[in-house]
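User: Please take a close look at a single part of this model. Pick one region, work through its contacts, and then relate the rest to it.

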2 protein chains.
Amino acid sequence: MDSAALLDLLGNENRRRILRLLSRKPCYVTEISEYLGVSPKAVIDHLRKLEEAGLVESHVDDGRRKYFSIARNLRLEVNVSPYEFGTKSAYSASPNLDITSWRHVSLHVDRANAARDGREDAHSGADDRDIAALAADLEQLEQLENELSMAQRWVQGRLTDTLDRISAHFEGVDGRFYGDLLRGLACGPETAESLAKKAEAPPEIVRDALEGLSAHGVVDRDGDHWRLVAGEP
Amino acid sequence: MDSAALLDLLGNENRRRILRLLSRKPCYVTEISEYLGVSPKAVIDHLRKLEEAGLVESHVDDGRRKYFSIARNLRLEVNVSPYEFGTKSAYSASPNLDITSWRHVSLHVDRANAARDGREDAHSGADDRDIAALAADLEQLEQLENELSMAQRWVQGRLTDTLDRISAHFEGVDGRFYGDLLRGLACGPETAESLAKKAEAPPEIVRDALEGLSAHGVVDRDGDHWRLVAGEP
């Protein structure tokens, strides 16, 4: 979708709070209105704008209640520099994307890095390098930027895919809650209390869930901290 | 800076237009006001907000005229997915950053990719993989996302650095203009006309500049198209 339209939407604090809430669980209007302390009329207006932009979608459950949720993966990148004001937005790349084309991301980094090291000595001089070499650097960096953006979109798609699978694994129980716990541990060991805060769940329930995961060998405990047990690929 | 404050600032179309204009060249209030078709009072108000946030800075030239320009490199990333609404903003990484720590970015990608390929056959089944392996995927992907973000910030810093050097190389002439031309060619061959449009300059001037760069062996011509000559590192 259009980056400008997306920035207009995200420029509103209440719309950002709605998106944050929906990223935790699908919600209906009254829930959102109470959580935000904003009138249902205003919530409906925000949801309509988000739905028109394709960010949010709704479905009606068995009890005829209309639930709203985030429709799909989307990434926005904004670059501000003395030479650039650039915005880029894109849906996440397909998990089937052939990533072999940017498997050599690190090679380009090495190249750019080598070029930098080469001129370290004459850092203050402007004429120390041939203009053609600077232009070649520019070319490498632009290409690297595009590859890294594409890689980020691929990672986002894979993350959602993995969280979908985790949710499906705990079918019947609250799979999204287990996804939150595991994701909370994915950045390093945590206490049950800090995980409870992250997942916005009561600490007792988080502790029970961790004990259950521990019995299945998914997590283990080191004093007060819980951590992931490395899985076999 | 704070992502929410940044999104509030960028949520305004005229502020985005001001940033886009300042990324082409430093400007004074009357210039911006005329370009945007917005009152000087409104422009001053937008500039004040951008300056307070540290996005824009000003300096007074010899003729006592106050020029505004973009203060520094900044990146904003927004992730929207059914499981996440995440915003991340950061100043660009120092060019002196030790990038050896993420030189192996591609290795992680390979790992995640291998995991995906391994379960291609049972794509629809939820219980086809051990939950511990899914948690390990999550961990790898979170780490990869952080590394890619850091790499993108590094690239942004290097791009600005390279454009600074190109500007300095053409001291006295309009260095920024040559930077625009070379950057325009960095993504592939272009005609003088399309480059003129990109750089918002008259085609004759662009053609003259290209002929000059060609005489120095920086660019060459293939029919109607101009392209960069690969430089020696």
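**A buried tyrosine pair and its surroundings**

Analyst: B:Tyr28 and B:Tyr67 are both buried. This is a predicted model. The two rings form an aromatic pair, edge-to-face, with 5.5 Å centre to centre and 90 degrees between the planes. B:Tyr28 lies in the loop between helix 2 (13–22) and helix 3 (29–36) of chain B, while B:Tyr67 belongs to strand 2 (residues 66–70) of chain B, so the pair ties together parts that are 39 residues apart in sequence.

B:Arg65 lies over the face of its ring, at 3.8 Å from the ring centre. B:Cys27 counts as buried, because its relative accessibility is 1% and the cut-off is under 20%. B:Cys187 is exposed instead, since its relative accessible area of 57% is over 50%. The structure holds zero disulfides over all chains.

Next comes strand 3 (residues 74–81) of chain B. Eight of its eight residues are buried, so the strand is largely enclosed by the rest of the structure. In a regular strand the side chains alternate between the two faces of the sheet. Here B:Leu74, B:Leu76, B:Val78 and B:Val80 point one way. B:Arg75, B:Glu77, B:Asn79 and B:Ser81 point the other way.

Strand 3 of chain B has pairing partners in both chains. Strands of a sheet pair through backbone hydrogen bonds, either parallel or antiparallel. Within chain B, eight bridges join strand 3 to strand 4 (residues 84–91), and the two run antiparallel. B:Leu76 stands opposite B:Ser89 of strand 4 of chain B. A hairpin through two residues joins strand 3 of chain B to strand 4 of chain B.

The charged end of A:Arg72 sits over the ring of A:Tyr91, 3.4 Å from its centre.

The count comes to four aromatic pairs over all chains. One of them is A:Phe177 with A:Tyr178, edge-to-face at 5.6 Å centre to centre and 70 degrees between the planes. Both residues are buried.

Helix 7 (residues 175–185) of chain A lies across strand 5, strand 6 and strand 7 of chain A. Helix 7 runs at about 95 degrees to strand 7 of chain A. Those strands make an open sheet of three, in the order 5-7-6, with antiparallel pairing. Strand 5 (190–191) and strand 6 (219–222) of chain A are the edge strands, each pairing on one side only. Strand 5 meets strand 7 (residues 225–228) of chain A over two bridges, in the antiparallel sense. A:Glu190 stands opposite A:Trp226 of strand 7 of chain A.

Two backbone details remain. Most residues other than glycine have a negative phi, and most peptide bonds are trans. A:Arg64 has a positive phi of about 65 degrees and is not a glycine. A:Arg64 is in the loop between strand 1 (56–60) and strand 2 (66–70) of chain A, and counts as exposed at 75% relative accessibility. A:Glu200 also has a positive phi, near 50 degrees. A:Glu200 lies in the loop between helix 8 (192–199) and helix 9 (203–215) of chain A, and at 53% relative accessibility counts as exposed.

Terms used
Residues are numbered from 1 along each chain as its sequence is written. Chains are lettered from A and ligands numbered from 1 in the order in which they are written. This is a predicted model: local features need pLDDT of at least 70, side-chain atom pairs count only at pLDDT 80 or more; totals for chains, interfaces and linings use all residues. Side-chain values use heavy atoms; hydrogens and water are left out. A disulfide is a pair of cysteine sulfur atoms within 2.5 Å. Buried means under 20% relative accessible area, exposed over 50%, partly exposed in between (1.4 Å probe, protein chains only). Two strands pair if DSSP finds at least two bridges between them. Helices (H or I, at least four residues) and strands (E, at least two) are DSSP runs, numbered from the N terminus. Contact means heavy atoms within 4.5 Å. Axes are lines fitted to C-alpha atoms, for helices over the stretch in contact, and angles run from 0 to 180 degrees between N-to-C directions. Rings of Phe, Tyr and Trp (its six-membered ring) pair if their centres lie within 6.5 Å; planes under 30 degrees apart count as stacked, over 60 as edge-to-face and the rest as tilted. A charge sits over a ring if NZ of Lys or CZ of Arg is within 6 Å of the ring centre and within 35 degrees of the ring normal.
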